[in-house]
Amino acid sequence: MGNRRRPSATNTTTEKPDPDKTNPEPAKPNPPIWPAKIHTILKFFSIFAIPYFYLLFSHYKIEYELKKSILINAFVSFFGFFITVSMIPVASKYVLRRNMFGFDINKKGTPEGSIKVPESLGIVVGTVFLVVAILFQYFNFTADSNWLVEYNAALASICFMILLGFVDDVLDVPWRVKLVLPSIAALPLLMAYAGHTTISIPKPLVPYIGLDILDLGWIYKLYMGLLAVFCTNSINIHAGINGLEVGQTVIIACAILIHNVMQIGASNDPEYKQAHAFSIYLVQPLLATSLALLSYNWYPSSVFVGDTYTYFAGMTMAVVGILGHYSETLMIFFLPQILNFLLSLPQLAGIIPCPRHRLPRFDPQTGLLTGTNDGTLVNLFLRQFGRKSEKTLCILLLIFQAICCGFCFFLRWILTGWYK
């Protein structure tokens, strides 16, 4: 994951002290990271905020108490944004001290390619997210709340995934182990899940199946576990350029929030509304902390997010999709990740040789990237649209992500009343 090259421990040599040097030169301190790109983040946020708050305050008549809880959660998340922005430079110093850094491969051969970029800063985002989500319980949930058990189980799974992601960043575990990690992290949620295990049969298929509702039993929980595995790893492998991992998470999170508000406003079922409100309570902190990280990870990136962040983001979205009961919609939001997975499958399965870094080739003379034959969406875009700069390529991929999310809303609109 990511567009970085880690320093090799085997290349480290220990110099013997020179007795003639009585005053050795002090080690050069690491240069400070580039400041947060707040203006870029405001552009991202404004594109989402206008339709989101219009739907929340004007278009739909949402109950006062529910709207109040959403706004309290938004305020706490807003506070988490500034905490994350201030903590990332501090945490960067500590990870650099522990030699947790990488070099940006897509800038190799330029002065920027020799800079030590601090890694695994997703640990900051995950920590602030958990603090925000836990503090929010004080304002919204009571001791006898029906959703409290599942809310804490969701946080336990997310926390577990953050821990395992950080372990992966430190130990650099192989791919076959990466596939197992989300299954382990999803256990608290699967064990605490007390919701239904049924699915609605599409109306065109009802005459042939003879059922409106089908109870899957344990198969539904198996599906939940597989969804968690896919979401975490799909974001992890759709990466390699500055801002892509966090950018795709921000766009999907925005789409999820808009979808949740639309479902709350259009429904009269209190339980259904609460399920989507539950999703909002977790996705708003995810969006706020991710925007803070994006302010440092946007091109040119001053930090790398690490597997900690991609696992954390994927697990969070899988959790809200499961407990909010809109996993089908979530999968349409993940269309670029599905396409990237299908392109990657021959290499991940070992049918085609798979290099460690399936990245495009960088030309230091022109500053442009050229697509390789590796099976990734990044390389596919470069092969189809020609050589691009890293920033332009990331913007094109994020526009494609937004188009897929928009297609999901269009598809739901035309199928309403006919499909389900």
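**Helix packing and the nonpolar core**

In the predicted model, helix α10 passes helix α16 in a right-handed crossing. The two helices, α10 spanning residues 244–266 and α16 spanning residues 390–415, pack at an angle of about 20°, and their axes lie 9 Å apart. Because angles under 35 degrees count as roughly parallel, this geometry makes α10 roughly parallel to α16. On the α10 side, the contact is formed by L244, G247, Q248, I251, I252, A255, I258, H259, M262 and Q263, which meet C394, L397, L398, Q401, A402, C405, F409 and R412 of α16. Sorted by class, the residues in this contact between α10 and α16 comprise twelve nonpolar, five polar and one charged.

The largest nonpolar core of the model contains 108 residues, of which Y151, I256, L282 and L293 touch the most other members. Helix α11, covering residues 270–297, supplies the largest share of this core, namely 15 residues. For L293, when neighbours within four places in sequence are left aside, the residues in contact are I88, L121, V125, V246, V303, V305 and Y309.

Although H357 and L415 are 58 residues apart along the chain, their C-alpha atoms are separated by 41 Å in the model.

Conventions: Residues numbered from 1 in each chain as written. Predicted model: local features only at pLDDT ≥ 70, side-chain atom pairs only at ≥ 80, totals over all residues. Heavy atoms only, no water. Axes fitted to C-alpha atoms, helices over the stretch in contact; angles between N-to-C directions. Helix = DSSP H or I, 4+ residues; strand = E, 2+ residues; numbered from the N terminus. Parallel < 35°, antiparallel > 145°, perpendicular 65-115°, else oblique. Left-handed = near helix turned anticlockwise from the far one by under 90°. Contact = heavy atoms within 4.5 Å. Nonpolar A, V, L, I, M, F, W, Y, C, P; charged D, E, K, R; others polar. Core = buried A, V, L, I, M, F, W, Y, C linked by side-chain atoms within 4.5 Å. Buried < 20%, exposed > 50% of the residue type's maximum accessible area, 1.4 Å probe, protein only.
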